[in-house]
Amino acid sequence: MKRHLRASSLYLTLVAALSGLLPGCASTPATTTLLALPPVALPARAPAGAASAPRASLRVLVVRRVEIPEYLQARAVRHRVDETRLEAWPQVAWAERLEVAMTRSIVDGLRQRLHGWAVCEGSCVNLKQDVSLTVDFGVLDFYAQGPKLDARARWVMRTSEEPPKLSSGRWQSPADLQVGAGVSGQAAAFGAAAQAVAADIAAQLERSALPAAANQPLPLAGQR
């Protein structure tokens, strides 16, 4: 009799456990939306006839991985509620780590603006480096209420000559910057910050007195 009661008790326990799992199995799992920064329009390719034109010296800019605040170094899309509280948008994740996306956005922005330069992410294969660039977003805060963006970046450029020459710059988001609401507004604001930094860096490079390009043009076929 005791064995029968024990078996019945075990059966009822299993039924209760399985009945608790069934609603979860029947419900549709929540989907996660992947978020990316806005794409940057790249410069159009040179026309075919340009291949016969004299080749100018090519300068090479190598962009290192962008630094961002630690709380943003995650797939979760986090924003500020106030000065001390952070939250993540529910069921939303970055399509790639934000520091990778910000680096690529700045690289694309520099390629769009710097003519006669090869702009590479991390390194340039078979090309000598003229200038290396490091960018640090010490502050990159999106406030959902408002909404508003508080972003500050600094950068350092180092030439490859010996001894190297250093130059630096800073950028801060203007107080009257118009920012869209919600998670799409955050992605657009971060993309705009990357492009503003790229524009300032490109302008600084164009004003800079640089040594002769490390990569001299190769002669065209038939030329000596």
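## Overall make-up

A residue counts as buried when its relative accessible area is under 20%, as exposed when this is over 50%, and as partly exposed in between (1.4 Å probe, protein chains only). By that rule, 35% of the 224 residues of the protein chain are buried. The model is a predicted one, in which local features need pLDDT of at least 70 and side-chain atom pairs count only at pLDDT 80 or more, while totals for chains, interfaces and linings use all residues. Residues are numbered from 1 along each chain as its sequence is written, and side-chain values use heavy atoms, with hydrogens and water left out.

The protein chain has three helices and eight strands. Helices (H or I, at least four residues) and strands (E, at least two) are DSSP runs, numbered from the N terminus. Their order along the sequence is α-β-β-β-β-α-β-β-β-β-α.

## Surface and contacts

Two residues are in contact when heavy atoms lie within 4.5 Å. Among contacts between residues at least 6 apart in sequence, 73% join residues at least 24 apart.

## Helices α2 and α3

Two packed helices are described by the angle between their axes and the distance between the axes. For helix α2 (residues 98–113) and helix α3 (residues 182–207), the angle is about 45° and the axes are 8 Å apart. This angle makes α2 oblique to α3. Axes are lines fitted to C-alpha atoms, for helices over the stretch in contact, and angles run from 0 to 180 degrees between N-to-C directions. Angles under 35 degrees count as roughly parallel, over 145 as roughly antiparallel, 65 to 115 as roughly perpendicular, and the rest as oblique.

On the α2 side, the residues that meet α3 include Met102, Ile106, Gly109 and Leu110. Their partners in α3 include Phe190, Ala194, Ala198 and Ile201. The residues of this contact divide into 11 nonpolar, four polar and two charged. Here Ala, Val, Leu, Ile, Met, Phe, Trp, Tyr, Cys and Pro count as nonpolar, Asp, Glu, Lys and Arg as charged, and the others, Gly among them, as polar.

Alanine 198 is in helix α3 and is buried, with a relative accessible area of 0%. Not counting residues up to four places away in sequence, alanine 198 touches Ile106, Gly109, Leu110 and Arg113. The C-alpha atoms of alanine 198 and glycine 109 are separated by 5.6 Å, although the two residues are 89 residues apart along the chain.

Threonine 103 belongs to helix α2. Threonine 103 is also buried, with a relative accessible area of 1%. Leaving aside neighbours within four places in sequence, threonine 103 is in contact with Val63, Arg64, Arg65, Val66 and Glu121.

## Backbone details

A cis peptide bond joins glycine 146 and proline 147, with omega about -20°. Proline 147 lies in the loop between β6 (131–143) and β7 (148–159). Another cis peptide bond joins glutamate 162 and proline 163, with omega about -10°. Proline 163 lies in the loop between β7 and β8 (166–172).

Glutamine 91, in strand β4 (residues 86–94), has a positive phi of about 55° although it is not a glycine. Asparagine 126 is not a glycine either, and has a positive phi of about 65°. Asparagine 126 lies in the loop between β5 (117–121) and β6 and is exposed, with a relative accessible area of 77%.
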